[in-house]
Amino acid sequence: LDTALADGGDADDELVHNTARRVPPALVLPLFAALTERFRQSPERAAQLAMWMRAMLIHQGGSVSAAPELVAQLATLHHALNERLSAFKPLTQLEGRIDVLLERLDASDAPAAAAA
């Protein structure tokens with residue numbers, strides 16, 4: 001799986017969807033579980049892995065929708081998403097504070113540069 005996802009940043013949407021369509025139903029839940037675990041462990045790969053998970057749910061969701069294991073896997077994914085989102089607001093606030101400080105520094109440097 002890691003080898004297949006190694007070029008993930010280069011994978012186009014069509015390739016991902018075509019691959020997701022071809023996954024045998026017996027492998028859908030194990031693959032989704034592996035994708036979810038990698039999503040939890042590798043924040044830098046979240047966009048790539050989310051693209052694969054979305055394609056799997058679109059194309060294979062019907063074949064596994066009655067599986068009780070799917071609920072547990074979706075709960076794990078939901079928890080991982082909530083963890084990411086909980087960190088987003090404080091980071092956004094920090095970014096805003098840094099922007100304000102940079103603007104103040106630029107404003108204080110402008111009069112000094114004009115006087116020189």
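Contact here means heavy atoms within 4.5 Å. The model is predicted. In it, H17 touches R54, A55, I58 and H59, leaving aside residues up to four places away in sequence. H17 lies in helix α2, which spans residues 13–22. The relative accessibility of H17 is 12%, so the residue counts as buried, the cut-off being under 20%. One of the residues touched by H17 is H59. The side chains of H17 and H59 also make a polar contact, at 2.7 Å.

The protein chain as a whole is helical in its assigned elements. Five helices and zero strands make up its secondary structure. Along the sequence the pattern reads α-α-α-α-α. The protein chain has 116 residues, and 27% of them count as buried. Contacts between residues at least 6 apart in sequence were also classed by separation. Of these, 83% join residues at least 24 apart. The accessible surface of the protein chain is about 7900 Å². Carbon and sulfur atoms account for 61% of that surface.

Charged pairing was examined next. The count comes to one salt bridge. E37 and R40 form a salt bridge, with 3.2 Å between the closest N and O atoms. Both residues sit in helix α3, residues 25–41. They are three residues apart there, which means that about one helical turn separates them. E37 is partly exposed, with a relative accessibility of 29%. R40 is partly exposed as well, its relative accessible area being 38%. Both values fall in the class between the buried limit of 20% and the exposed limit of 50%.

The surface also carries a nonpolar patch. L91, L94, I98, L102 and L105 make up this patch, which covers about 470 Å². I98, one of its members, has its place in helix α5, residues 68–115. At 41% relative accessibility, I98 counts as partly exposed.

In helix α2, buried H17 pairs with H59 through a side-chain polar contact. In helix α3, E37 and R40 lie about one helical turn apart and are joined by a salt bridge.

How values were computed:
Residues are numbered from 1 along each chain as its sequence is written. This is a predicted model: local features need pLDDT of at least 70, side-chain atom pairs count only at pLDDT 80 or more; totals for chains, interfaces and linings use all residues. Side-chain values use heavy atoms; hydrogens and water are left out. Helices (H or I, at least four residues) and strands (E, at least two) are DSSP runs, numbered from the N terminus. Buried means under 20% relative accessible area, exposed over 50%, partly exposed in between (1.4 Å probe, protein chains only). Accessible areas come from the Shrake-Rupley method with a 1.4 Å probe; for residues, only the protein chains shown count as cover. A salt bridge is a side-chain nitrogen of Lys or Arg within 4 Å of a carboxyl oxygen of Asp or Glu. Patches are made of residues with over 30% relative accessible area and no salt bridge: like charges are joined within 9 Å, nonpolar side chains (Val, Leu, Ile, Met, Phe, Trp, Tyr) within 5 Å. A polar contact is a pair of N or O atoms within 3.5 Å; within protein, one must be able to donate a hydrogen and the other to accept it, and residues adjacent in sequence count only if both atoms are side-chain atoms.
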